[in-house]
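This report describes a predicted model of two chains.

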Amino acid sequence: MGTFHDDMGELHGITVVAQAGPTVYVGRCHEMDADNIVLLDVDQHTAGPDGKGEDGRSHAEYLERAAKFGVWKKHDRLVVPMVDVQAVTPLGAYYEGVGKTAAATPASAAAPSQQDEPDKATATATATDSPVVVTDDASQEVRRLLAEEENAGQGLRLGVSGGGCSGLVYKVEFDSRQDGDIVVPGDGFEIFLDRKSIIYLRGITLDFKQGLSGRGFQFQNPNASNTCGCGESFAV
Amino acid sequence: MKVSKAMPYPEQMVAPMRAELVDMGVQELRTAPAVDSFFAEAAGTSLVLVNSVCGCAAGSARPAVRLALEHGVKPTRAATVFAGQDLEATERARQLFGDVPPSSPSIALMKDGELVHFVPRHMIEGREAGAIAQALTEAFDTYCG
């Protein structure tokens with residue numbers, strides 16, 4: 001695609017929405033690591049007690065307009081500590097308008113939850129804005145596996161890593177919550193998503209199949225431009 | 001209109017990026033009078049690509065425009081200004097876009113002199129040319145039919 005800076009991280013050059021408490025920052029991601037996200041050409045929108053910013057718009061209204069036209073920058077460069085950030089989502093995910101059907105990034109960002117513990121760099125998505133869907137069959141299998149002694153007290157971790165025939169490989173494992181995780185409530189368990197994977201996981205459905213052709217978890221990914229024949233890896 | 005005369009990139013570096021568009025029949029507008037002249041004829045539909053040296057996004061925007069212009073329904077005319085290079089022309093074109101924050105690359109679709117559809121940079125970056133072109137052709141079908 002002509003990217004000149006392949007070593008700057010997968011979100012480098014992408015305009016993102018970073019949600020941090022009552023403020024959303026919209027800017028071009030320069031780099032992001034476990035400590036900070038560095039944004040360029042940044043606007044910010046802070047909601048007051050009435051849920052509206054100085055412009056009289058809610059975050060949703062502000063982001064809908066920002067997605068359609070862009071933003072007027074307030075800062076050339078801004079460093080936001082990741083400990084304050086609940087979710088990072090491409091601004092394009094908020095686009096509503098002509099050409100939306102051709103947009104690559106569906107759904108909305110995980111909303112900050114009032115259940116968040118202030119000393120934890122984690123966020124909890126509500127059931128309605130969950131970035132992933134776990135089917136009833138998959139939930140049943142997850143609960144069965146979590147009931148096993150070696151998995152007690154853990155949750156379901158979903159992620160991606162490089163590899164496979166198509167470039168990226170899904171990860172499914174049982175794990176405990178880590179700082180920086182996005183936490184999604186599942187049916188009887190918690191789902192942990194690491195921030196580096198969220199851009200690839202948003203919109204996916206995790207299913208569980210039992211049949212003659214195989215038994216196991218399967219991902220359905222609307223963002224995948226290519227999926228290998230074995231179904232274990234994908235490209236976006 | 002006061003704009004900086006600074007040219008951050010040497011012309012020989014951006015020449016291929018200009019040529020990529022000119023070769024596909026997009027009219028390059030390098031001065032403010034050229035922009036005014038292009039839009040003096042307001043009737044019909046016009047696509048305006050705000051070009052950029054940014055490989056992260058413009059590298060997809062230019063081929064996206066080429067693909068989109070192969071669509072059966074398309075704007076009457078297509079033009080381009082080069083952000084960061086042809087500063088006055090870019091500034092003048094952006095004035096025609098109204099209260100739209102500047103971003104580059106970006107793509108504007110004008111109808112009878114009014115902005116009817118805008119593709120800001122963030123709807124280009126990180127996307128393949130084909131996906132951008134598909135979104136553009138949906139706009140063509142909506143506004144250029």
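## Report on the predicted model

Of the 236 residues of chain A, 37% count as buried, a residue being buried if 20 or more other C-beta atoms, placed from the backbone, lie within 10 Å of its own. This is a predicted model, in which local features need pLDDT of at least 70, side-chain atom pairs count only at pLDDT 80 or more, and totals for chains, interfaces and linings use all residues. Residues are numbered from 1 along each chain as its sequence is written, while chains are lettered from A and ligands numbered from 1 in the order in which they are written.

Chain A has three helices and 15 strands; helices (H or I, at least four residues) and strands (E, at least two) are DSSP runs, numbered from the N terminus. Five strands of chain A form an open antiparallel sheet in the order 4-3-2-1-5, where two strands pair if DSSP finds at least two bridges between them. Strands 4 and 5 of chain A stand at the edges with a single partner strand each, so one side of each has no neighbour in the sheet. On average, neighbouring strands of this sheet are turned by 45° against each other, direction ignored; axes are lines fitted to C-alpha atoms, for helices over the stretch in contact, and angles run from 0 to 180 degrees between N-to-C directions. Helix 1 (residues 59-69) of chain A packs on the sheet, touching strands 1, 2 and 3 of chain A, and its direction makes about 45° with that of strand 2 of chain A. Strands 1 and 5 of chain A pair over four bridges, and Gln19(A) has Ala87(A) in strand 5 of chain A as its bridge partner.

| Strand of chain A | Residues |
|---|---|
| Strand 1 | 15-20 |
| Strand 2 | 23-32 |
| Strand 3 | 36-46 |
| Strand 4 | 75-81 |
| Strand 5 | 87-90 |

Between the chains, 20 residues of chain A are in contact with 25 residues of chain B, contact meaning C-beta atoms within 7 Å. The chain A side divides into 12 nonpolar, eight polar and no charged residues; Ala, Val, Leu, Ile, Met, Phe, Trp, Tyr, Cys and Pro count as nonpolar, Asp, Glu, Lys and Arg as charged, and the others, Gly among them, as polar.

In chain B, eight of the 11 residues of helix 3 (residues 58-68) are buried, so this helix is largely enclosed by the rest of the structure.

The largest nonpolar core has 89 residues, and those with the most contacts inside it include Ala18(A), Tyr25(A) and Ala61(B). Such a core is a set of buried Ala, Val, Leu, Ile, Met, Phe, Trp, Tyr and Cys residues joined through C-beta atoms within 7 Å.

Definitions and conventions
Buried ≥ 20, exposed ≤ 12 C-beta atoms within 10 Å, placed from the backbone. Contact = placed C-beta atoms within 7 Å.
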